Amino acid sequence: MNASPPSADAPLIDRFARRITYLRLSVTDRCDLRCAYCMPERMEFLPKAEVLSLEELHRLSLHFIARGVRKIRLTGGEPLVRRDMVDLVRALGRKLGDGLDELTMTTNGTRLAEFAGDLAAAGLRRINVSLDTLDREAFARLSRRDVLPQVLEGIAAAREAGLRVKINAVALKGINEDEIPSLVEWAHGQGHDMTLIEVMPLGEVEGDRFDHYLPLDAVRRNLESRWTLTASDARSGGPARYVDIAETGGRLGFITPLTGNFCDGCNRVRVTATGQLYMCLGGEGRVDLRAALRSDDPDGALAECFARAMGEKQERHSFVIDRPGGVPAVSRHMSTTGG
Ligand SMILES: Nc1nc2c(ncn2[C@@H]2O[C@H](COP(=O)(O)OP(=O)(O)OP(=O)(O)O)[C@@H](O)[C@H]2O)c(=O)[nH]1
Ligand SMILES: C[S@@+](CC[C@H](N)C(=O)[O-])C[C@H]1O[C@@H](n2cnc3c(N)ncnc32)[C@H](O)[C@@H]1O
Ligand code: SF4
Ligand code: SF4
(Lines give C-alpha, C1' and ligand atoms only; values in the text may rest on other atoms or scores of the structure.)
(Ligands and ions follow the chains in the order given, each with its own letter.)
Protein backbone atom coordinates (compact mmCIF):
# COMPACT_ATOMS: atom_id res chain seq x y z
CA MET A 1 0.00 0.00 0.00
CA ASN A 2 1.34 3.47 -0.87
CA ALA A 3 1.72 5.95 1.99
CA SER A 4 -0.18 9.16 1.31
CA PRO A 5 2.05 12.16 0.49
CA PRO A 6 2.86 14.45 3.44
CA SER A 7 0.33 17.26 3.73
CA ALA A 8 1.36 20.83 2.97
CA ASP A 9 0.59 22.15 6.42
CA ALA A 10 1.11 19.12 8.69
CA PRO A 11 2.36 20.29 12.11
CA LEU A 12 6.02 19.64 12.79
CA ILE A 13 6.13 16.85 15.38
CA ASP A 14 9.16 14.63 15.78
CA ARG A 15 9.53 10.94 16.72
CA PHE A 16 9.66 11.88 20.39
CA ALA A 17 6.33 13.74 20.20
CA ARG A 18 8.07 17.11 20.46
CA ARG A 19 6.22 19.83 18.60
CA ILE A 20 8.37 22.34 16.76
CA THR A 21 7.10 25.86 17.34
CA TYR A 22 10.38 27.82 17.30
CA LEU A 23 12.49 28.52 14.21
CA ARG A 24 15.98 29.96 14.50
CA LEU A 25 16.70 31.47 11.12
CA SER A 26 20.31 32.34 10.33
CA VAL A 27 20.28 35.11 7.74
CA THR A 28 24.03 35.25 7.19
CA ASP A 29 27.11 33.38 8.39
CA ARG A 30 29.16 36.60 8.28
CA CYS A 31 30.09 38.60 11.31
CA ASP A 32 31.92 41.79 12.21
CA LEU A 33 33.34 40.23 15.41
CA ARG A 34 35.47 37.13 15.92
CA CYS A 35 34.53 35.91 19.40
CA ALA A 36 37.26 33.47 20.37
CA TYR A 37 34.82 30.76 21.59
CA CYS A 38 32.77 30.99 18.38
CA MET A 39 35.16 31.24 15.42
CA PRO A 40 38.81 31.62 14.43
CA GLU A 41 40.22 34.97 13.34
CA ARG A 42 40.58 33.71 9.79
CA MET A 43 37.08 32.45 9.35
CA GLU A 44 36.01 31.42 5.87
CA PHE A 45 32.58 32.72 4.96
CA LEU A 46 30.18 31.45 2.33
CA PRO A 47 30.12 33.01 -1.13
CA LYS A 48 27.16 35.42 -1.20
CA ALA A 49 25.68 33.59 -4.18
CA GLU A 50 24.92 30.57 -1.99
CA VAL A 51 22.89 32.52 0.51
CA LEU A 52 19.08 32.63 0.27
CA SER A 53 17.58 35.85 -1.04
CA LEU A 54 15.36 37.94 1.16
CA GLU A 55 12.35 36.75 -0.78
CA GLU A 56 13.37 33.09 -0.24
CA LEU A 57 13.93 33.61 3.49
CA HIS A 58 10.49 35.16 3.71
CA ARG A 59 8.79 32.43 1.68
CA LEU A 60 10.48 29.71 3.71
CA SER A 61 9.42 31.34 6.96
CA LEU A 62 5.81 31.34 5.78
CA HIS A 63 6.05 27.57 5.21
CA PHE A 64 7.20 27.13 8.81
CA ILE A 65 4.41 29.35 10.12
CA ALA A 66 1.87 27.34 8.14
CA ARG A 67 3.16 24.24 9.98
CA GLY A 68 2.79 25.67 13.46
CA VAL A 69 5.95 27.68 14.09
CA ARG A 70 4.93 30.58 16.33
CA LYS A 71 8.28 32.10 17.19
CA ILE A 72 11.04 33.11 14.78
CA ARG A 73 14.44 34.29 15.93
CA LEU A 74 16.67 35.94 13.35
CA THR A 75 20.27 35.18 13.99
CA GLY A 76 23.58 34.51 12.26
CA GLY A 77 26.56 35.24 12.06
CA GLU A 78 25.55 38.76 12.82
CA PRO A 79 22.06 39.38 11.44
CA LEU A 80 22.51 43.16 11.30
CA VAL A 81 25.44 42.96 8.87
CA ARG A 82 22.95 41.83 6.24
CA ARG A 83 21.80 44.95 4.44
CA ASP A 84 18.18 43.95 3.77
CA MET A 85 17.57 42.76 7.33
CA VAL A 86 15.04 45.41 8.26
CA ASP A 87 13.02 44.58 5.13
CA LEU A 88 12.82 40.96 6.24
CA VAL A 89 11.74 41.99 9.73
CA ARG A 90 9.08 44.23 8.21
CA ALA A 91 7.78 41.45 5.95
CA LEU A 92 7.70 38.85 8.74
CA GLY A 93 6.29 41.41 11.18
CA ARG A 94 3.07 41.32 9.16
CA LYS A 95 2.53 37.73 10.38
CA LEU A 96 2.55 38.80 14.04
CA GLY A 97 -0.90 38.04 15.43
CA ASP A 98 -1.61 36.08 12.26
CA GLY A 99 0.20 32.82 13.02
CA LEU A 100 3.29 34.28 14.60
CA ASP A 101 3.44 35.14 18.32
CA GLU A 102 6.98 36.43 18.41
CA LEU A 103 9.57 37.73 15.99
CA THR A 104 12.89 38.43 17.60
CA MET A 105 16.63 38.57 17.04
CA THR A 106 19.95 37.71 18.64
CA THR A 107 22.65 40.24 17.85
CA ASN A 108 26.09 41.31 19.00
CA GLY A 109 24.76 44.87 19.18
CA THR A 110 27.45 46.61 17.12
CA ARG A 111 24.89 47.98 14.66
CA LEU A 112 21.91 48.33 16.95
CA ALA A 113 22.29 52.08 17.39
CA GLU A 114 21.62 52.41 13.67
CA PHE A 115 18.76 49.90 13.41
CA ALA A 116 16.93 49.73 16.77
CA GLY A 117 14.26 52.28 15.79
CA ASP A 118 13.52 50.58 12.45
CA LEU A 119 13.40 47.14 14.08
CA ALA A 120 10.92 48.31 16.70
CA ALA A 121 8.79 50.00 14.04
CA ALA A 122 8.84 46.77 12.01
CA GLY A 123 7.34 44.74 14.87
CA LEU A 124 10.20 43.56 17.09
CA ARG A 125 9.38 43.83 20.78
CA ARG A 126 12.32 42.06 22.35
CA ILE A 127 15.93 41.49 21.40
CA ASN A 128 18.80 39.43 22.86
CA VAL A 129 22.18 41.13 22.84
CA SER A 130 25.37 39.17 23.46
CA LEU A 131 27.72 40.90 25.85
CA ASP A 132 30.31 38.86 27.74
CA THR A 133 32.16 41.63 29.55
CA LEU A 134 31.99 45.34 30.39
CA ASP A 135 35.77 45.63 30.44
CA ARG A 136 36.84 47.28 27.20
CA GLU A 137 40.19 45.51 27.00
CA ALA A 138 38.73 42.11 27.84
CA PHE A 139 35.99 42.71 25.25
CA ALA A 140 38.56 43.60 22.60
CA ARG A 141 40.63 40.52 23.39
CA LEU A 142 37.66 38.15 23.43
CA SER A 143 35.84 39.48 20.35
CA ARG A 144 39.10 40.53 18.64
CA ARG A 145 37.50 43.93 17.91
CA ASP A 146 37.62 47.04 20.11
CA VAL A 147 33.95 47.99 19.88
CA LEU A 148 32.50 47.81 23.40
CA PRO A 149 31.35 51.48 23.38
CA GLN A 150 29.46 50.85 20.14
CA VAL A 151 27.69 47.83 21.65
CA LEU A 152 26.72 49.77 24.77
CA GLU A 153 25.34 52.54 22.55
CA GLY A 154 23.37 49.93 20.65
CA ILE A 155 21.87 48.52 23.84
CA ALA A 156 20.89 52.00 24.99
CA ALA A 157 19.32 52.72 21.59
CA ALA A 158 17.32 49.49 21.76
CA ARG A 159 15.93 50.47 25.13
CA GLU A 160 15.08 53.95 23.90
CA ALA A 161 13.28 52.42 20.93
CA GLY A 162 11.09 50.48 23.38
CA LEU A 163 12.66 47.06 22.80
CA ARG A 164 12.98 44.72 25.78
CA VAL A 165 16.61 43.68 25.96
CA LYS A 166 18.02 40.45 27.31
CA ILE A 167 21.77 40.28 27.78
CA ASN A 168 23.44 36.96 26.86
CA ALA A 169 26.86 36.14 28.27
CA VAL A 170 28.89 33.00 27.72
CA ALA A 171 30.45 32.12 31.09
CA LEU A 172 34.20 31.72 30.65
CA LYS A 173 36.74 30.59 33.21
CA GLY A 174 39.59 33.07 33.57
CA ILE A 175 37.92 35.56 31.24
CA ASN A 176 34.65 36.89 32.66
CA GLU A 177 34.25 34.50 35.61
CA ASP A 178 35.05 37.11 38.28
CA GLU A 179 32.94 39.71 36.55
CA ILE A 180 29.70 37.70 36.43
CA PRO A 181 28.13 39.24 39.56
CA SER A 182 28.89 42.79 38.43
CA LEU A 183 27.64 42.04 34.90
CA VAL A 184 24.37 40.74 36.38
CA GLU A 185 24.09 43.82 38.61
CA TRP A 186 24.71 46.09 35.66
CA ALA A 187 22.15 44.33 33.42
CA HIS A 188 19.48 44.30 36.13
CA GLY A 189 20.28 47.90 37.05
CA GLN A 190 19.58 48.87 33.42
CA GLY A 191 16.28 46.97 33.53
CA HIS A 192 17.47 44.06 31.34
CA ASP A 193 17.03 40.35 31.99
CA MET A 194 20.20 38.38 31.58
CA THR A 195 21.16 34.82 30.63
CA LEU A 196 24.38 32.92 31.25
CA ILE A 197 25.41 30.26 28.74
CA GLU A 198 27.79 27.31 28.95
CA VAL A 199 30.31 27.24 26.14
CA MET A 200 29.57 24.48 23.61
CA PRO A 201 32.11 22.49 21.57
CA LEU A 202 31.00 23.48 18.06
CA GLY A 203 33.52 24.08 15.29
CA GLU A 204 37.28 24.45 15.54
CA VAL A 205 38.62 27.60 17.17
CA GLU A 206 42.09 28.76 18.11
CA GLY A 207 42.84 27.47 21.59
CA ASP A 208 41.10 24.80 23.64
CA ARG A 209 37.55 25.46 24.89
CA PHE A 210 38.35 23.21 27.86
CA ASP A 211 40.64 25.94 29.25
CA HIS A 212 37.74 28.35 29.64
CA TYR A 213 34.79 26.02 30.20
CA LEU A 214 32.89 27.17 33.28
CA PRO A 215 30.09 24.87 34.51
CA LEU A 216 27.05 26.93 35.46
CA ASP A 217 26.10 24.77 38.45
CA ALA A 218 29.20 26.14 40.18
CA VAL A 219 28.44 29.70 39.06
CA ARG A 220 24.93 29.34 40.45
CA ARG A 221 26.20 28.15 43.82
CA ASN A 222 28.54 31.11 43.96
CA LEU A 223 25.72 33.54 43.21
CA GLU A 224 23.56 31.83 45.85
CA SER A 225 26.20 32.51 48.47
CA ARG A 226 25.90 36.21 47.67
CA TRP A 227 22.22 36.76 46.77
CA THR A 228 18.75 35.25 47.24
CA LEU A 229 17.86 33.28 44.12
CA THR A 230 14.29 32.02 43.71
CA ALA A 231 13.46 29.62 40.89
CA SER A 232 11.03 31.26 38.49
CA ASP A 233 8.30 29.72 36.33
CA ALA A 234 9.07 32.30 33.65
CA ARG A 235 9.77 30.78 30.23
CA SER A 236 10.88 32.60 27.10
CA GLY A 237 10.42 29.68 24.72
CA GLY A 238 14.17 28.97 24.63
CA PRO A 239 16.27 26.61 26.76
CA ALA A 240 16.94 29.01 29.68
CA ARG A 241 15.69 28.26 33.16
CA TYR A 242 15.27 31.40 35.23
CA VAL A 243 15.69 32.63 38.77
CA ASP A 244 14.63 35.93 40.29
CA ILE A 245 17.28 37.69 42.33
CA ALA A 246 15.87 39.61 45.29
CA GLU A 247 18.83 41.95 45.75
CA THR A 248 19.17 43.07 42.11
CA GLY A 249 15.44 42.96 41.37
CA GLY A 250 16.04 41.18 38.06
CA ARG A 251 15.76 37.82 36.33
CA LEU A 252 18.70 35.61 35.47
CA GLY A 253 18.58 32.65 33.09
CA PHE A 254 20.91 29.64 32.91
CA ILE A 255 21.49 27.76 29.65
CA THR A 256 23.16 24.52 30.68
CA PRO A 257 23.67 22.13 27.75
CA LEU A 258 26.52 20.46 29.65
CA THR A 259 25.50 20.46 33.32
CA GLY A 260 21.71 20.23 32.86
CA ASN A 261 20.50 18.77 29.60
CA PHE A 262 17.26 20.34 28.33
CA CYS A 263 16.75 18.32 25.13
CA ASP A 264 13.59 16.59 26.44
CA GLY A 265 11.70 19.82 25.96
CA CYS A 266 13.22 20.71 22.59
CA ASN A 267 10.77 22.75 20.51
CA ARG A 268 13.08 24.13 17.84
CA VAL A 269 14.93 23.67 14.59
CA ARG A 270 17.31 25.93 12.74
CA VAL A 271 17.79 26.99 9.13
CA THR A 272 21.12 28.25 7.85
CA ALA A 273 21.59 31.15 5.46
CA THR A 274 21.87 28.63 2.61
CA GLY A 275 18.55 27.04 3.49
CA GLN A 276 19.86 23.90 5.22
CA LEU A 277 17.46 22.74 7.91
CA TYR A 278 19.42 21.36 10.85
CA MET A 279 17.19 19.42 13.16
CA CYS A 280 19.59 19.68 16.12
CA LEU A 281 22.24 22.23 17.05
CA GLY A 282 24.50 19.37 18.09
CA GLY A 283 23.94 17.04 15.13
CA GLU A 284 24.94 16.69 11.48
CA GLY A 285 21.45 15.71 10.29
CA ARG A 286 20.04 18.16 7.78
CA VAL A 287 17.72 18.49 4.84
CA ASP A 288 18.16 20.86 1.92
CA LEU A 289 15.24 23.29 1.89
CA ARG A 290 16.92 25.53 -0.69
CA ALA A 291 16.84 22.78 -3.29
CA ALA A 292 13.20 22.10 -2.44
CA LEU A 293 12.32 25.79 -2.60
CA ARG A 294 13.99 26.11 -6.02
CA SER A 295 12.46 22.90 -7.45
CA ASP A 296 9.57 22.66 -9.90
CA ASP A 297 7.20 21.64 -7.13
CA PRO A 298 8.29 23.58 -4.04
CA ASP A 299 5.20 22.76 -1.97
CA GLY A 300 5.52 19.02 -2.52
CA ALA A 301 9.29 18.97 -2.13
CA LEU A 302 9.14 21.02 1.07
CA ALA A 303 6.43 18.77 2.52
CA GLU A 304 8.72 15.80 1.93
CA CYS A 305 11.68 17.61 3.49
CA PHE A 306 9.70 18.47 6.61
CA ALA A 307 8.42 14.91 6.99
CA ARG A 308 11.96 13.58 6.66
CA ALA A 309 13.34 16.11 9.11
CA MET A 310 10.77 15.18 11.75
CA GLY A 311 11.53 11.50 11.21
CA GLU A 312 15.24 12.08 11.68
CA LYS A 313 15.46 14.72 14.42
CA GLN A 314 17.73 13.28 17.06
CA GLU A 315 16.70 12.89 20.69
CA ARG A 316 19.52 14.93 22.22
CA HIS A 317 23.00 16.27 21.74
CA SER A 318 26.13 14.59 23.05
CA PHE A 319 28.27 17.62 23.89
CA VAL A 320 31.06 17.02 26.36
CA ILE A 321 33.92 19.20 27.50
CA ASP A 322 35.63 16.91 29.95
CA ARG A 323 39.32 16.91 29.05
CA PRO A 324 41.93 19.01 27.29
CA GLY A 325 42.19 18.58 23.55
CA GLY A 326 38.64 17.29 23.01
CA VAL A 327 37.33 17.53 19.46
CA PRO A 328 34.21 19.58 18.64
CA ALA A 329 30.92 17.64 18.73
CA VAL A 330 30.28 18.86 15.19
CA SER A 331 32.59 20.63 12.76
CA ARG A 332 30.05 23.37 12.04
CA HIS A 333 30.52 26.64 13.89
CA MET A 334 27.77 28.17 15.99
CA SER A 335 27.73 31.10 13.56
CA THR A 336 26.62 28.78 10.73
CA THR A 337 23.64 27.36 12.59
CA GLY A 338 22.83 30.62 14.40
CA GLY A 339 23.16 29.21 17.91
N1 LIG B 1 22.31 23.24 23.11
C2 LIG B 1 21.41 24.14 22.70
N3 LIG B 1 21.66 25.44 22.86
C4 LIG B 1 20.73 26.31 22.44
C5 LIG B 1 19.54 25.90 21.84
N6 LIG B 1 18.81 27.00 21.52
C7 LIG B 1 19.54 28.06 21.91
N8 LIG B 1 20.70 27.63 22.47
C9 LIG B 1 21.79 28.47 22.96
O10 LIG B 1 21.32 29.41 23.86
C11 LIG B 1 22.05 30.61 23.73
C12 LIG B 1 21.11 31.78 23.73
O13 LIG B 1 20.30 31.73 22.60
P14 LIG B 1 19.39 32.94 22.14
O15 LIG B 1 19.70 33.23 20.73
O16 LIG B 1 19.46 34.06 23.09
O17 LIG B 1 17.96 32.31 22.14
P18 LIG B 1 17.00 31.78 23.29
O19 LIG B 1 17.78 31.37 24.48
O20 LIG B 1 16.08 30.79 22.68
O21 LIG B 1 16.20 33.11 23.62
P22 LIG B 1 14.84 33.39 24.40
O23 LIG B 1 13.78 33.50 23.37
O24 LIG B 1 15.10 34.71 25.07
O25 LIG B 1 14.62 32.28 25.36
C26 LIG B 1 22.89 30.48 22.46
O27 LIG B 1 24.23 30.28 22.80
C28 LIG B 1 22.32 29.29 21.80
O29 LIG B 1 23.27 28.60 21.09
C30 LIG B 1 19.35 24.52 21.66
O31 LIG B 1 18.38 24.06 21.11
N32 LIG B 1 20.31 23.68 22.11
C1 LIG C 1 26.26 32.51 17.15
S2 LIG C 1 25.71 34.01 17.88
C3 LIG C 1 24.78 34.73 16.55
C4 LIG C 1 24.13 36.06 16.84
C5 LIG C 1 25.05 37.24 17.12
N6 LIG C 1 26.21 37.27 16.29
C7 LIG C 1 25.43 37.26 18.58
O8 LIG C 1 26.59 37.05 18.90
O9 LIG C 1 24.52 37.49 19.38
C10 LIG C 1 24.39 33.48 18.97
C11 LIG C 1 24.78 33.20 20.40
O12 LIG C 1 25.63 32.08 20.41
C13 LIG C 1 26.59 32.26 21.42
N14 LIG C 1 27.73 31.39 21.11
C15 LIG C 1 28.57 31.43 20.05
N16 LIG C 1 29.45 30.41 20.08
C17 LIG C 1 29.16 29.70 21.19
C18 LIG C 1 29.69 28.52 21.77
N19 LIG C 1 30.69 27.86 21.21
N20 LIG C 1 29.12 28.07 22.91
C21 LIG C 1 28.07 28.71 23.47
N22 LIG C 1 27.50 29.83 22.96
C23 LIG C 1 28.06 30.32 21.85
C24 LIG C 1 26.90 33.73 21.36
O25 LIG C 1 27.48 34.21 22.53
C26 LIG C 1 25.53 34.33 21.10
O27 LIG C 1 24.87 34.63 22.32
S1 SF4 D 1 29.19 34.93 18.83
FE2 SF4 D 1 28.04 36.18 17.39
S3 SF4 D 1 29.24 38.08 17.41
FE4 SF4 D 1 30.60 36.58 18.24
S5 SF4 D 1 31.75 35.80 16.46
FE6 SF4 D 1 29.99 34.44 16.79
S7 SF4 D 1 28.46 35.19 15.40
FE8 SF4 D 1 29.95 36.84 15.69
S1 SF4 E 1 20.82 20.19 21.47
FE2 SF4 E 1 19.43 19.46 19.85
S3 SF4 E 1 17.84 18.26 20.86
FE4 SF4 E 1 18.95 19.41 22.44
S5 SF4 E 1 17.69 21.25 22.75
FE6 SF4 E 1 19.29 21.79 21.26
S7 SF4 E 1 18.41 21.35 19.23
FE8 SF4 E 1 17.11 20.37 20.76
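Trainee: Which elements each supply at least two residues of the shell around ligand 2?

Mentor: The elements β3 (102–107), β5 (164–171) and α10 (334–337) each supply at least two. Helices (H or I, at least four residues) and strands (E, at least two) are DSSP runs, numbered from the N terminus. This is a predicted model, in which local features need pLDDT of at least 70 and side-chain atom pairs count only at pLDDT 80 or more, while totals for chains, interfaces and linings use all residues. Residues are numbered from 1 along each chain as its sequence is written, and chains are lettered from A and ligands numbered from 1 in the order in which they are written.

Trainee: What makes a residue part of the shell around ligand 2, and which come nearest?

Mentor: A residue is near a molecule if its C-beta atom, placed from the backbone, lies within 6 Å of it. Of the 20 residues around ligand 2, the nearest are C38, S130, M200, M334 and G339.

Trainee: How is that shell around ligand 2 divided by class?

Mentor: The shell holds nine nonpolar, ten polar and one charged residues. Ala, Val, Leu, Ile, Met, Phe, Trp, Tyr, Cys and Pro count as nonpolar, Asp, Glu, Lys and Arg as charged, and the others, Gly among them, as polar.

Trainee: Which residues come nearest to ligand 1, and which elements each supply at least two residues of its shell?

Mentor: T106, S236, G238, P257 and G339 come nearest among the 20 residues around ligand 1. The strands β2 (71–75) and β5 each supply at least two residues of that shell, which by class has eight nonpolar, nine polar and three charged residues.

Trainee: What surrounds ligand 3?

Mentor: Ligand 3 is surrounded by C31, L33, R34, C35, C38, M39, G76, G77, E78, N108, S130 and S335. Five of these are nonpolar, five polar and two charged.

Trainee: Why are α3 and α5 called roughly parallel to each other?

Mentor: The axes of α3 (residues 112–121) and α5 (residues 148–160) come within 8 Å and cross at roughly 15°. Axes are lines fitted to C-alpha atoms, for helices over the stretch in contact, and angles run from 0 to 180 degrees between N-to-C directions. Angles under 35 degrees count as roughly parallel, and α3 and α5 are therefore roughly parallel. The contact is made by L112, A113 and A116 of α3 and E153, G154, I155, A157 and A158 of α5, where contact requires C-beta atoms, placed from the backbone, to lie within 7 Å.

Trainee: What makes α1 roughly parallel to α2?

Mentor: Helix α1 (residues 54–66) and helix α2 (residues 85–93) pack at an angle of about 30°, with their axes 10 Å apart, and that makes α1 roughly parallel to α2. Their contact is made by L54, L57, H58 and S61 of α1 and D87, L88, A91 and L92 of α2.

Trainee: How do you know that the protein is as compact as a globular protein of its length?

Mentor: The secondary structure comes to ten helices and twelve strands. The radius of gyration is 20 Å, close to the 20 Å that the globule rule gives for 339 residues, so the protein is as compact as a globular protein of that length. That radius is taken over C-alpha atoms, and the rule is 2.2 Å times the number of residues to the power 0.38.

Technical notes: Angles under 35 degrees count as roughly parallel, over 145 as roughly antiparallel, 65 to 115 as roughly perpendicular and the rest as oblique. Two residues are in contact if their C-beta atoms, placed from the backbone, lie within 7 Å.
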